[in-house]
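This report describes the model shown below, chain by chain, and then turns to the contact between two of its chains.

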Amino acid sequence: MKTNDYYAIELKGITKSFGKVIANEDINLEIKYGEILALLGENGSGKTTLMNILSGIYYADEGTIFIDGKEVSITNPHEAIDLGIGMIHQHFKLVEVFSSMDNIVLGTKGKYVKSSALKEEVLNMSNKFGLEIVPDKKIYDMSVSEKQTVEIMKVLYRGAKILILDEPTSVLTPQEIEKLFIILRKMKEQGNAIIIITHKLHEVLAISDRVAILRKGKVVDTVNTKESNEKQLTELMVGRPINLKISRPETKKRKTVLKVVDLSVANEDGTIGLNNINFKLKSGEILGVAGVAGSGQRELCETIAGLMDAKTGAVLYNKENIIGKTPDEIINLGISMSFVPEDRLGMGLVGSMDMVDNMLLKSYKKNKGAIIDKKPSRKLAEELIDKLSITTPGVETPVRMLSGGNVQKVLLGREIESEPNVLITAYPVRGLDINSSYIIYDLLNEQKKKNVAILFIGEDLDVLLELSDRIMVLCHGELMGIVDAKKTTKEEIGLMMAGRKMEGVDSDE
Amino acid sequence: MNNRSHTPFIRTVKISERSSKDTLKIRIAAFVLALAAGGIFMLLLGYNPFELYGTIISGAFRSKMAFQATVKFMIPLLMSSLGVAMAFKMRFWNIGAEGQIIVGAVCASYFALFHNNWPHFLLLIVMFAAGAIGGGLWGLIPAYFKSKYDTNETLFTLMLNYIALHIITYLRDGPWKDPDSSGFPKIARFAANAQIDKVFGVHFGWIIALILVIIVFIYLKYTKHGYEISVVGESKSTAKYAGMDVKRVILRTMILSGGICGITGMIQAAGSDMTLASSVAGGVGFTAIIVSWLAYLNPFGILLVSFLFSILDKGSSVMQSAYGLSTYFASVLQGIILFFILGCEFFIRYKFVLTKKGGK
Amino acid sequence: MFIKFLIAAVFAGTPLLFGTVGEIMNEKAGHLNLGVEGMMAMGACAGFMAGFFSNNIYIALLAAFLAGMLGALIYAVLTITFMANQNVTGLTLTIFGVGISNFVGEFMLVNSASSSLKLPEQITAQISNINIPGASTIPVLGPLLFQYNIFVYLGVVIAIICGIYYSRTKTGLNVRAIGENPGTADAAGIKVTKLKYINVLIGGGICGIGGAYCSMIINGGVWMNNPVNGQGWISVALVIFATWRPLRAILGSFIFGAFNILKYYFPKTIITIPNAFYDMLPFVITALVLVVTSIRKSKENSQPASCGVNYFREER
């Protein structure tokens, strides 16, 4: 085969910086056709930046790229596509109001195809790769995995020979991940080069032929998957031997603090947010919440925090129904909610404001009069910097300028400082490196030991299994069951995430 | 493909953070460049730019009367800019200052026309309140729909401007038509009792405007309400999360924003026009948007920028008598200067980089 | 009477049609351009002056188109390349465009021998209503469809082409994608900057022709200051009324044209409504449309999602 003569891609000395931050430094990397390369690295290690350079979103400051042995310069996504590079972004690049086929043909060359002919073409192609796709369906009507299918189809339709997938599994159930891997293997057999970005070790071992490990913007090593193991990869990724075990302290005298009864919530557009949810949250426990993105996690958080109205049902806090109370009153009862959205700043913190002003967010109403007193929050900000070793130029730096880990420490720190009885935290480690993540887990466990009742909404099943005492699983706004985290398996949770109800399974007593 | 890869190309690169000193330097450079561009325009018309700029400056300052006129130009611009700045701080794109000024003026005019026998100060206070309430309510309408249905406020407030304008023409042609105008549609001149008194030769609107600068500054920077406005502006979901009543904040802020514009209308009618004319706003509400944006929504910055604008406005008005240039010269010059300043803002946050092959 | 009313509505609606289609082209590319009034004014001035001196309608149309395009070019450079605030830039363009149009108008007037500027005969004939032998004499349909001037037909043709462009061509699809989500369009290999420029510029040119209609037809071939007189702003409103669709803009423009002239045709014997209310009507209706569409939260019938937000590829 001709394609074997050259590497599909060869990167030499790629360097890219954003202002003072060096995202990629002197990166050398190559991949062959018919190979799956895993790009492994912690959050913030520069994986996505590197792939964005390949797909023409960013332009490298230094270095050269060879495709099929020829030196190229990729100045925009258009040129990347011409070179046969297709990238599937972590945050899908789809036009919400378009149908899937319009999204698929978007930006491609050639004349306008009649929709009936195009529909057939799309269906034929999807059959070939074993993808399930509805050509007429609008993106805003789709589930996450359906959207991902459209993204993959988009890349295939462009005839990409080199596929880059950025964290494709983070939004899928274990079963959906398995399905995706089957598709990827099929593509590999057809001679495509595939790069998969991930920070999950077992996925790397399951799918890839080789692994390139990135740390702090540099490639530290490239190993053959067969000759490697989890321990070696972890050490390479983090830079030192590390115990990945998350502790799960035992607490005594647990009593029910929050009781959710028959809770149903409707979204703004009339769709079901939550449907008939029942569970209890006890002091001194971490109740994990698992589910595919958009299964009702946000609705659950927001309803308890008073941001959304319940259609039916009750949320009893020490036997008092808090449905109908304002967010203000709920905060004052000692229920704290912190939600880290995908952009990581959207809720809970104001990016353009400094730490002092952000400390004020939930407490500014407490002092009397019309004028704001900033002294206490300045003191609190300084304390937090000290206590949680937050790296910042000062309390007056806008939090947007801080690194992800520090931003989340500010958020969680403020919530904990308000000494809540119930702590609801959604995705607190989103986008954090391993070290920062463990600091957050420790913070949560500390609160647990103080008998705080914690509702932990997570993405990573491995973390949920180790950190939580119990895990409840949501799917399409319904409760699939609550299981004992010590006894359940990932597969069981995966099935529940996909919609299998565990009748009568509630490990609660 | 290969051919292309060897040609250098220009890329836009974001700058992480410019020091405030650099930012100031760029702004000053922008201003100088803008004046230069205006100068080229003057050269093209066959005039000496230095002479023309000199005339503008002297036109604005040459006499006590000229300066008073400049201040008179500034009052409505300054006040309505403060008004829209409050809405903009909340990222509520109120481009309806024009309409809010008009409705404020209409409400105030009612008392000026039909209750001019009231004691002078009582009448003025009532007119002031009527102006504020009228403008406030006109601002409340888009705020209500924005908070309830997320109706696009840019377009809605724009529509309300024209509706307000036609309210005046309705009143002028019908119920409020001056019977003594011998058929010509206009509204009667306010009685002296309903006119705003002068302080140092200019109606006391300038005092109110200056007080408003300070009030708005304190309100936005040091009060709970001001804090709420900033948070809502940054992220509505964060504001809700913090227990703020976002709808109330939007409604309240727009009443204030519209209210200030309404006061502007009252002052313009009773202090400057001495009647209710359809030109009471006369585009000030639009210019106010530019002013408050150029001043980065800072009340003291607004004071400075609106002063510069009124120098340009007043100074250009002598162009006609001095050089026979039409009064539209001012808008052309204003446009050119603004285009340059708008363009230069780019260099505070970005820069261009010429990249050759291979990125080196 | 009713036929006359409909014909008058078409004439009154034509400048709006140009302005609306031009603004739709801007907004489809993600640019809320509040400079329509300014671009129309520039086209009004350039079209009139070119017609005045060349005595040729085609040169006048071209000049109007180019002048509108020039206005759009300023806007495009500032908002697309320099990423300046769209609202502020658009408003400035309006101030500038109206200013320079009137400035040039007065300049020419002062420097001309006569006391007014009137279009010469040949071009006046060219822009008068076209009589198509046979077709124009058909009762009812003849005057209703085949007796307009060149602008009216041009406007309808442009709107139809524009409608086909967005719904039936790949480039149109790509532009719509840019308006909805430029990041997605960019990643799909669409040349975002190039297409944005093309659409904003052509849109500006179309606005310019609408301006020329105002100065050459509405004002009866005599130059007057402020020829556009708010039609540009109504066009911005009409975009909403037409729910961002060029074909609906045709109907919408003529309906708004009808509002404009309703006061002259509404039988005063039935009820006397002050003229101001007729003038207010288009704006009230547009405001209502705005509210209704937002209540219905229709995803398809609303402003392109990225409108008003500038795009920078390396945004992190």
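## A loop in chain A

A:K319 is found in the loop that joins β14 and β15 of chain A; helices (H or I, at least four residues) and strands (E, at least two) are DSSP runs numbered from the N terminus. The model is predicted, so local features need pLDDT of at least 70 and side-chain atom pairs count only at pLDDT 80 or more, while totals for chains, interfaces and linings use all residues. Residues are numbered from 1 along each chain as its sequence is written, and chains are lettered from A and ligands numbered from 1 in the order in which they are written.

Although A:K319 is not a glycine, its phi is positive, near 75 degrees. A:N318 lies in the loop between β14 (312-317) and β15 (320-321) of chain A, and A:N318 too is a non-glycine residue with a positive phi, about 45 degrees. Most residues other than glycine have a negative phi.

Exposure is judged by counting other C-beta atoms, placed from the backbone, within 10 Å of a residue's own: 20 or more make it buried, 12 or fewer exposed, and values in between partly exposed. A:K319 has 7 such atoms and is therefore exposed. A:N318 has 14 C-beta neighbours inside 10 Å, so A:N318 counts as partly exposed.

## Chain A as a whole

Chain A contains 16 helices and 20 strands. Its radius of gyration is 24 Å, close to the 23 Å that the globule rule gives for 509 residues, so chain A is as compact as a globular protein of that length. The radius is taken over C-alpha atoms, and the rule is 2.2 Å times the number of residues to the power 0.38.

Along the principal axes, the C-alpha atoms of chain A fill a box of roughly 70 × 50 × 45 Å. Of its 509 residues, 49% count as buried. Two residues are in contact if their C-beta atoms, placed from the backbone, lie within 7 Å. Among contacts in chain A between residues at least 6 apart in sequence, 68% join residues at least 24 apart.

## Chain B: domains and a helix

An automatic or database domain assignment supplies the domain bounds. For chain B, it gives domain 1 (1-47 + 330-360) and domain 2 (65-322). Their contact takes 5 residues from domain 1 of chain B and 5 residues from domain 2 of chain B. The C-alpha centres of the two domains lie 34 Å apart.

Helix α15 (residues 329-349) of chain B has 21 residues and reaches 32 Å from its first C-alpha to its last, close to the expected 30 Å; the expected span is 1.5 Å times one less than the number of residues. Of the 21 residues of α15(B), 16 are buried.

## Chain C

Chain C has 13 helices and 0 strands. Its radius of gyration is 20 Å, in agreement with the value near 20 Å for a compact globule of 316 residues. The C-alpha trace of chain C spans about 60 × 50 × 40 Å along its principal axes, and buried residues make up 55% of the chain.

## Where chain C meets chain B

In this interface, 42 residues of chain C are in contact with 40 residues of chain B. On the chain C side, α3 (57-81), α4 (86-110), α11 (231-241) and α13 (275-296) each supply at least two residues. The largest share, 15 residues, comes from α4(C).
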